[in-house]
Amino acid sequence: MSSEPTYITKEGLKKFKKELDNLKNVKRKEIANRIQEAKEMGDLSENAEYAEAKNEQSFVEGRIVELKEILKNASIIDKKNNKGDRVNLGSTIKVKNDDKISTFIIVGTNEVNLEEGKISHKSPIGQAFLGCKKGETIKIEVPSGVKEYQIISIE
């Protein structure tokens with residue numbers, strides 16, 4: 001695993017800690033109970049419930065390792081450091097593309113959620129916005145061609 005910093009917001013940190021706690025203290029027990037019940041059914045070589053529970057157990061254990069790594073390398077994005085004059089990690093920006101106004105939040109790779117407008121600082125669009133000022137117009141190469149965005153506000 002990487003020891004590179006994992007940039008996350010305070011909200012993201014809480015979310016990851018809550019997920020880790022749930023996986024360790026709730027899901028593990030549920031899966032252990034399912035495995036035990038499946039074992040009591042007899043022949044494990046033909047027991048689909050046993051195989052499914054073991055697969056879920058592997059997924060949960062993998063996710064626990066992943067979350068521990070994220071939390072170990074967490075570098076909290078402090079919005080107080082964003083002066084609002086330039087786009088940075090943690091910035092919320094409003095941009096205009098043609099006549100459409102969109103809002104994006106620049107986050108670390110683990111918090112990306114396009115439905116919420118959260119884009120990675122490592123994505124082509126996120127990288128293009130970093131360091132830009134309010135009023136600036138930038139051109140970004142996307143699969144459908146070149147898009148032009150004007151930054152309306154930075155928070």
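**Aromatic pairs, strands and a buried threonine**

By the rule that rings of Phe, Tyr and Trp (its six-membered ring) pair if their centres lie within 6.5 Å, the count comes to three aromatic pairs. This is a predicted model, in which local features need pLDDT of at least 70 and side-chain atom pairs count only at pLDDT 80 or more, while totals for chains, interfaces and linings use all residues. Residues are numbered from 1 along each chain as its sequence is written, and side-chain values use heavy atoms, with hydrogens and water left out.

Q: Why is the pair of Phe104 and Tyr149 called edge-to-face?
A: Planes under 30 degrees apart count as stacked, over 60 as edge-to-face and the rest as tilted. The centres of Phe104 and Tyr149 are 6.4 Å apart and their planes stand at 75°, so the pair is edge-to-face.

Q: What makes this a link between distant parts of the chain?
A: Phe104 belongs to strand β4 (residues 100-107) and Tyr149 to strand β7 (residues 145-154), 45 residues apart. Strands (E, at least two residues) and helices (H or I, at least four) are DSSP runs, numbered from the N terminus.

Q: Why does the pair of Phe129 and Tyr149 tie together separate parts of the sequence?
A: Phe129 lies in helix α3 (residues 124-129) and Tyr149 in strand β7, so the parts joined are 20 residues apart in sequence. Phe104, Phe129 and Tyr149 form one aromatic cluster.

Q: How do you know that β3 and β4 pair?
A: Two strands pair if DSSP finds at least two bridges between them. Six bridges join β3 (residues 92-97) to β4, so these antiparallel strands qualify. The bridge partner of Ile93 in β4 is Phe104.

Q: Why is Thr9 called buried?
A: Buried means under 20% relative accessible area, exposed over 50%, and partly exposed in between (1.4 Å probe, protein chains only). Thr9 has a relative accessible area of 6%, and is therefore buried.

Q: With which residues is Thr9 in contact, leaving aside its neighbours within four places in sequence?
A: Contact means heavy atoms within 4.5 Å. On that basis, Thr9 is in contact with Ile77, Val107 and Glu111.
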